[in-house]
Amino acid sequence: MTIIVTVWRPDPEERQAWATHLGQALGNDYQVVTQVDPLARHAAVWAAPEDFFARSPRLQSVFSMGAGVDHLLHHPGLPPALPIYRLEDAGMGEQMARYCRHEVEHVLLHHQRYATQKQQKQWHELPARSPADLTVGIIGFGVLGRRVAAALTAEGYPVRAFVRTAGQRENEGVSLFAGPQQWPAFLAGTQVLILLAPHTAQTHHLVDAQALAMLPGGAWLVNVARGGLIDDEAVQAALRSGHLAGATLDVFSTEPLPVDSAWWTLPQVRITPHVSAVTLVPESALQIARRIHALDAGQDAGATVDRRREY
Ligand code: NAP
Ligand code: GLV
């Protein structure tokens, strides 16, 4: 019997590309469809419509077409017991490492200050710094955080990471911090703060006025996780006061970023449209197909989302 798999994302062309790649990777026992199908056993989705799950009552699994699963966990129709799986790296690690390293180098080389100087027609040399002079703190040391940390330690930056659970783990040359007691020390020693944790109840507005005050003056913020991790007003106030030298923002609490958003107007903010690590369809389809094959063979598929911890 043919097993039906639904792929769904808002753009029809992207949906078709997914259907082609996933269909090839799954093989002849599967039929991949681009419309909601009541007989589907598995689904791979991004921004599924509200009635998606009500109209797919036979689903045994749902796959996120991204590393993050907040779009699924906040879906109003998500059945309470439906297992959720996510993408692990699938080509995103390399992109994320390159994006973050580029932003850290932008800070290291004083490029923002030179851009300001250019506007003021000023020729003023700033002291040269080496990576060893700039400590990078990453919130999140998971699949992507570890890739970013490895890229930065290879360049000679001192790297520290803040995680949810302490415990025994390989630190890969990175100083690890966890828990409320280590939070102030983590922030106090961080000159470039990179956010790479999921958006959960615990991480919502993690970077608020209190956290910002614990960062050293002149720190830089890079948010490549989700907009909800920062308190927008507190970050904007820290930028206006100069306590934060600048910020690189790839993600926002409302996307696309509205035209009247204050973020557009702050000169020390660099903005990209949620592209620090895009989903690569061929790699992602292969990974999802491998997991679907495992599930249908009664095996563990890996990359399972723990609904209680929300990632
Ligand atoms: P992951 O492997 O699940 O890693 C998550 C990390 O966040 C873990 O180290 C985890 O700590 C940490 N964490 C969770 N809750 C925390 C908390 N309350 N305080 C401190 N640390 C916490 O996830 P990933 O694959 O690296 O992806 C991370 C996030 O990046 C995704 O959820 C997504 O939102 C975002 N993302 C963005 C883009 C983009 O284009 N902008 C692309 C891909 C992903 P433990 O190690 O203790 O569990
Ligand atoms: C993108 O934001 C993802 O979660 O993969």
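This is a predicted model: local features need pLDDT of at least 70, side-chain atom pairs count only at pLDDT 80 or more; totals for chains, interfaces and linings use all residues.
The buried residues of H9 are Val281, Ser284, Ala285, Gln287, Ile288, Ala289, Arg291, Ile292 and Ala294. Just after H9, glycine 298 adopts a positive phi of about 80°.

Alanine 285 is located in helix H9. Its relative accessibility is 1%, and alanine 285 therefore counts as buried, the cut-off being under 20%. Leaving aside residues up to four places away in sequence, alanine 285 touches Trp18, His21, Leu22 and Ala25. The C-alpha atom of alanine 285 is separated by 8.6 Å from that of glycine 23, although the two residues are 262 residues apart along the chain.

## The site of ligand 1

Ligand 1 is surrounded by 30 residues, of which the closest are Arg86, Phe141, Val143, Thr165 and Tyr311. By class, this shell has 16 nonpolar, 9 polar and 5 charged residues. Helix H3 (92-108), helix H5 (143-155) and strand S7 (159-163) each contribute at least two residues to the shell. The largest share, 3 residues, comes from H5.

In tyrosine 311, a side-chain N or O atom is 2.4 Å from an oxygen atom of ligand 1. In glutamine 202, a polar side-chain atom lies 2.9 Å from a nitrogen atom of the ligand. In serine 276, a side-chain N or O atom is 3.0 Å from a nitrogen atom of ligand 1. On its own, ligand 1 has 930 Å² of accessible area, and the protein covers 93% of this.

## The site of ligand 2

The residues that surround ligand 2 are Trp46, Gly66, Ala67, Gly68, Met92, Arg226 and His274. Sorted by class, they are 3 nonpolar, 3 polar and 1 charged.

## Helix H8 and its ends

Helix H8 (residues 232-241) has as its buried residues Ala234, Val235, Gln236, Ala238 and Leu239. Their cover includes helix H7 (209-214), strand S10 (219-223), strand S11 (244-249) and strand S12 (269-271).

The N-terminal end of H8 is capped by aspartate 231, in which a side-chain oxygen lies 3.2 Å from the backbone nitrogen of glutamate 233. Just after the helix, glycine 242 has a positive phi of about 90°.

## Histidine 110

Histidine 110 is found in the loop between H3 and helix H4 (111-119). With a relative accessibility of 10%, histidine 110 counts as buried. Its side chain reaches the backbone oxygen of proline 127 at 2.8 Å. Apart from residues up to four places away in sequence, histidine 110 touches Leu126, Pro127 and Arg129.

Most residues other than glycine have a negative phi, and most peptide bonds are trans. Against this background, aspartate 89, which is not a glycine, has a positive phi of about 65°. Aspartate 89 lies in the loop between strand S5 (84-85) and H3. The relative accessible area of aspartate 89 is 19%, so the residue is buried, given that the class requires a value under 20%.

Glutamate 310 is likewise not a glycine and has a positive phi of about 70°; its position is in the segment after H9. The peptide bond from glutamate 255 to proline 256 is cis, with omega near -5°. Proline 256 is situated in the loop between S11 and S12.

Definitions and conventions. Residues are numbered from 1 along each chain as its sequence is written. Chains are lettered from A and ligands numbered from 1 in the order in which they are written. Side-chain values use heavy atoms; hydrogens and water are left out. A residue is near a molecule or strand if one of its heavy atoms lies within 4 Å of it. A polar contact is a pair of N or O atoms within 3.5 Å; within protein, one must be able to donate a hydrogen and the other to accept it, and residues adjacent in sequence count only if both atoms are side-chain atoms. Accessible areas come from the Shrake-Rupley method with a 1.4 Å probe; for residues, only the protein chains shown count as cover. Helices (H or I, at least four residues) and strands (E, at least two) are DSSP runs, numbered from the N terminus. Ala, Val, Leu, Ile, Met, Phe, Trp, Tyr, Cys and Pro count as nonpolar, Asp, Glu, Lys and Arg as charged, and the others, Gly among them, as polar. Buried means under 20% relative accessible area, exposed over 50%, partly exposed in between (1.4 Å probe, protein chains only). Contact means heavy atoms within 4.5 Å.
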